[in-house]
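Thanks for asking me to look this one over. Here are my notes, point by point, to read alongside the model.

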Amino acid sequence: MSIANNLNQIRKQLPENVTLVAVSKTKPVSDLMQAYEAGQRIFGENKIQEMTEKWEQMPKDIQWHMIGHVQSNKVKYMAPYVALIHGVDSWKLLVEINKQAAKNNRVISCLLQMHIATEETKFGLYEEELHEILHHPELEKLTNVCIQGLMGMATFTEEEAKLKSEFRYLNELFIKYKTIQKSNLDFQTLSMGMSGDYQIAISCGSNMVRIGSSIFGFRS
């Protein structure tokens, strides 16, 4: 199956309200260009240096999403161009993104990453920390970021009931906190679901899925 065929197969399965992020980490620009030529314009990477190299080489109508764990000292490299940062998991990181966005005269969209999996290795906020960020007295001073919703990664398991309970929990948080009114909050995006579990995630309320191996094949 070609990359274009894979993409078209997945697109046919996605409801209209669901955004597809093609996860292109470790894949060469030639593969990304095949997806681009098939109409894909949103790509997700998990390493800032690799994403920046691809941004420099590829057409400028692409939206680049940072889907991996972000170190504060690397934010400056993607601040000129990144469209959405999925993995914001601390107040400190949000402050740094705001600072680097201001230097580039930009407002950078962000998702707050929630810890929903049973694996301790996954990054993310707990509800108490989410509540603290969204009610932080200084939040509205961060005028160069816009928090657009939540992101989460479920446990790596075949157990459908477990996946559903984790995704439903994240959707409940999304519904609960989207009612907060602040100038730099615009809760529209619930990013959950990857190649192995995106259909379950969509059934539980996801409107953004991050799909890599089902498009580009498995990473070596």
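1. Buried here stands for under 20% relative accessible area, with exposed over 50% and partly exposed in between (1.4 Å probe, protein chains only). Helices (H or I, at least four residues) and strands (E, at least two) are DSSP runs, numbered from the N terminus.

2. A word on the source: this is a predicted model, in which local features need pLDDT of at least 70 and side-chain atom pairs count only at pLDDT 80 or more, while totals for chains, interfaces and linings use all residues. Numbering starts from 1 along each chain as its sequence is written, and side-chain values use heavy atoms, with hydrogens and water left out.

3. Which strands pair with S6? From S6 the chain passes through helix H7 (residues 160-177) to S7 in a right-handed β-α-β crossover, that is, clockwise from the first strand over the helix to the second when the strands point away from the viewer.

4. Now look at Leu-139, in the loop between helix H6 (127-134) and S6. Leu-139 is buried, at 0% relative accessible area. Its contacts (heavy atoms within 4.5 Å), leaving aside neighbours within four places in sequence, include Trp-91, Leu-94, Ile-147 and Lys-182. Lys-182 is 43 residues away along the chain, yet the two C-alpha atoms are separated by 8.4 Å.

5. The largest pocket has a volume of about 710 Å³. Of its 28 lining residues, Phe-156, Met-194, Ser-195, Gly-196 and Asp-197 are the closest to its centre. A pocket is an open set of points on a 1 Å grid over the protein atoms alone where a 1.4 Å probe fits, with protein on both sides within 12 Å along at least five of seven lines; lining residues have an atom within 4 Å of a point. Volume is the space filled by probe spheres set on the points, which are joined across faces, edges and corners.

6. The second largest pocket has a volume of about 160 Å³. Helix H3 (residues 48-57) gives the most to its lining, with 3 residues.
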